[in-house]
There are 2 protein chains.
Amino acid sequence: MSVNQPTIQDVARAAGVSKMTVSRVVNCSPRITDETRRKVQEAMGGLGYIPNPQARALALRRNFLIALVHASRNAQTVLDIQQGVLDALAGTEFALVVRPLDRGSPTMLDDLRHFLERQRPFGVLLMAPVSENGQVIELCGELGCRYMRMGSALQTGGTRSIASDDREAVRGAVDHLVGAGHRRIALVAGPGDYLSARERQAGFEAALQAAGLPLLPEMIVEGDYSYASGLAAGATLLDMAEPPTAVFASNDDMAAGVMQAARQRGLELPAALSIIGFDDMGVAAYMWPPLTTVRRPINAMAHAAADRLVRGTDEVDGTTGDAELFRSTLILRGSVAPPGR
Amino acid sequence: MSVNQPTIQDVARAAGVSKMTVSRVVNCSPRITDETRRKVQEAMGGLGYIPNPQARALALRRNFLIALVHASRNAQTVLDIQQGVLDALAGTEFALVVRPLDRGSPTMLDDLRHFLERQRPFGVLLMAPVSENGQVIELCGELGCRYMRMGSALQTGGTRSIASDDREAVRGAVDHLVGAGHRRIALVAGPGDYLSARERQAGFEAALQAAGLPLLPEMIVEGDYSYASGLAAGATLLDMAEPPTAVFASNDDMAAGVMQAARQRGLELPAALSIIGFDDMGVAAYMWPPLTTVRRPINAMAHAAADRLVRGTDEVDGTTGDAELFRSTLILRGSVAPPGR
DNA sequence: TTGTAAGCGTTATCAT
DNA sequence: ATGATAACGCTTACAA
């Protein structure tokens, strides 16, 4: 039961030097004799010395916490991000604290302020959709809080922003549908107040346009990223007089709903209906047929974001680094086939 | 840009009292004149004073971090736990830091030690399966680390342990199958080195026994909690000369695999095969037929565990509170029917 | 009930 | 290259 951790003082005594010298060794200051360094390191090793982070925090007037702020219902994505951040933080003295927010709660902004004011994390990682919230950004600015936004497209100004290029990715996905011979392609869009939903819709429209296909309003149905809304959207689309032969759904949950709607109508998949989703949630591979979908490099994005937060040690203001845009991949599985009718 | 937070000193000056008095007000010390308290609170309000947690941590020689240590691949569960913990921590000054571990990595124990030694969190929440690891518990003991174990059954001694009663829950689930008329019921078990897997198997066996049904070895197939292993197990079971009419799968992923195997064989569900899963992962409701499954009160369990960690302020040793066992619920959906053959 | 002094474990600053 | 001293913002212990 190691109750009393040795302090820097103990090490100093053991090595026959001053606290300051030990501190210098710990912090890799250059102006130290090799001989002294050796002595100190030996003493540290012998005592099992570990610097006290709270003391460091107090003296340096900053802590070593990176906060992940999110309001996402997509558990897999949140966890992937946590993992990516932790990968970036490995070997540093930083720890990751999480702060889920209840998007939609009227107190969300106050909750966030409360959290930031108390913990004063060194840096904040904002996941979509909170990262799109102007008031949140404003709050971070007001509190002098270093932050990084993650999302589906670079934010205005581009700075402090890491993003996947959802527009481009969806464009590619829909191109794939067009390439398979589809002409009547529907979109199950996400809720319009999400940037991700708007970007994906833009990609959808761009692809149709590039293919010289008409943009039919009835071929676009808005869902809310839930399975149920996908099911409803699928019903709407498939019960039309002239239903689509292919559907791009803005996330996998909705794609699963569409698939279910098709199955309920006795459609043979993918012959009677091709479907592409977005996110590559674990289940996408389990569905039948396995879902062709878009996978974002979540882990790499989170890693980069955390890295940016931790490295850009000095400036709290906008100058920190350029924007970074990541490419997604279309994962080809079995849910796309040439139109069958 | 509020760069300089007011300190306790500033408040003291503003209120015309000493730092100590302010500290007493902040910490709700009883021996303070109402008048003084008012003055101080007014000053605090005016200045927007917020106690500096790192300074408190240094002076009190303890911090305000609760660590969640896990090595789970079940994202939804991890997130539910995070949410439950945060609910319990709301209104306190505690923050939640997460530390995923790579179960199976040879350095896992070292990683954990490294983390605990550096951060020295006030308390640690151990999720299964790390919570079942004796070496982990030993390490926490050695480091004098307050901890709480969450799992599928109470740990030996029962103390510092919060658990769902998986054995009982599975027994109920299998009873449900028996009640529907099934006599030939198979188990797709989890990996034997997980306590959860063993408990669920025990519940399965208890139910058969209670129903006077024979325990046939060929009706038990071990998977590894993955969809793929469920698919394989389903194949094994359904290709037997006398296949089961019902399957209990130890988690939803494997249940989905079994379902898929059934579908591949052209079986009509649930008429030809009833299936029950465990976990109630989001997808359980999306499958077709919607999966009847067991739901644990994850959120409540996490809440209780965090509560126990935070309240039991004093003792670091085993005396802290009794064990707590939570009941699960069988969620009835569409994947169970009387045997049809 | 309130205040004073010392200390928590570290680093910054300025000497030497 | 190393050391002495004074912070950092708070609490404990003791005095008044």
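The largest share of the surface near DNA strand D, five residues, is supplied by α4(B), where a residue is near a strand if its C-beta atom, placed from the backbone, lies within 6 Å of it. The model is predicted: local features need pLDDT of at least 70, side-chain atom pairs count only at pLDDT 80 or more, and totals for chains, interfaces and linings use all residues. Residues are numbered from 1 along each chain as its sequence is written, and chains are lettered from A and ligands numbered from 1 in the order in which they are written.

**Surface near DNA strand D**

- DNA strand D is surrounded by 25 residues, and the closest are Arg31(A), Thr36(A), Ile8(B), Ser23(B) and Ala59(B).
- Two or more residues each come from α2 and α4 of chain A and from α2 and α4 of chain B; helices are DSSP runs (H or I, at least four residues), numbered from the N terminus.
- By class, this surface has 13 nonpolar, eight polar and four charged residues. Ala, Val, Leu, Ile, Met, Phe, Trp, Tyr, Cys and Pro count as nonpolar, Asp, Glu, Lys and Arg as charged, and the others, Gly among them, as polar.

**Surface near DNA strand C**

- Around DNA strand C there are 27 residues, of which the closest are Ile8(A), Ser23(A), Ala59(A), Arg31(B) and Thr36(B).
- The elements giving two or more residues are α1 (8-15), α2 (19-26) and α4 (53-60) of chain A, together with α2 (19-26) and α4 (53-60) of chain B.
- With five residues, α4(A) gives the most to the surface near DNA strand C.
- This surface comprises 13 nonpolar, nine polar and five charged residues.

**Relation between the protein copies**

- Chain B is superposed on chain A by a rotation of 180° with 0.0 Å of shift along its axis (RMSD 0.1 Å), by least squares on the C-alpha atoms of residues with pLDDT of at least 70 in both.
- The two copies are thus related as by a two-fold rotation axis.
- The C-alpha of Val97(B) is the nearest to the axis in chain B, 2.0 Å from it.
- Both copies use the same surface, as 100% of the contact residues of chain B recur in chain A (contact: C-beta atoms, placed from the backbone, within 7 Å).

**Helix α1 of chain B**

- Ile8(B), Val11(B) and Ala15(B) are buried in α1 (residues 8-15) of chain B, meaning that 20 or more other C-beta atoms lie within 10 Å of their own, all placed from the backbone.
- Seen down the axis of α1(B), the buried residues fall within an arc of 60°, so they line one face of the helix; the arc is that of the directions from the helix axis to the C-beta atoms.
- The cover over these buried residues includes α2 and α3 (34-47) of chain B.

Note on methods: Contact = placed C-beta atoms within 7 Å. Buried ≥ 20, exposed ≤ 12 C-beta atoms within 10 Å, placed from the backbone.
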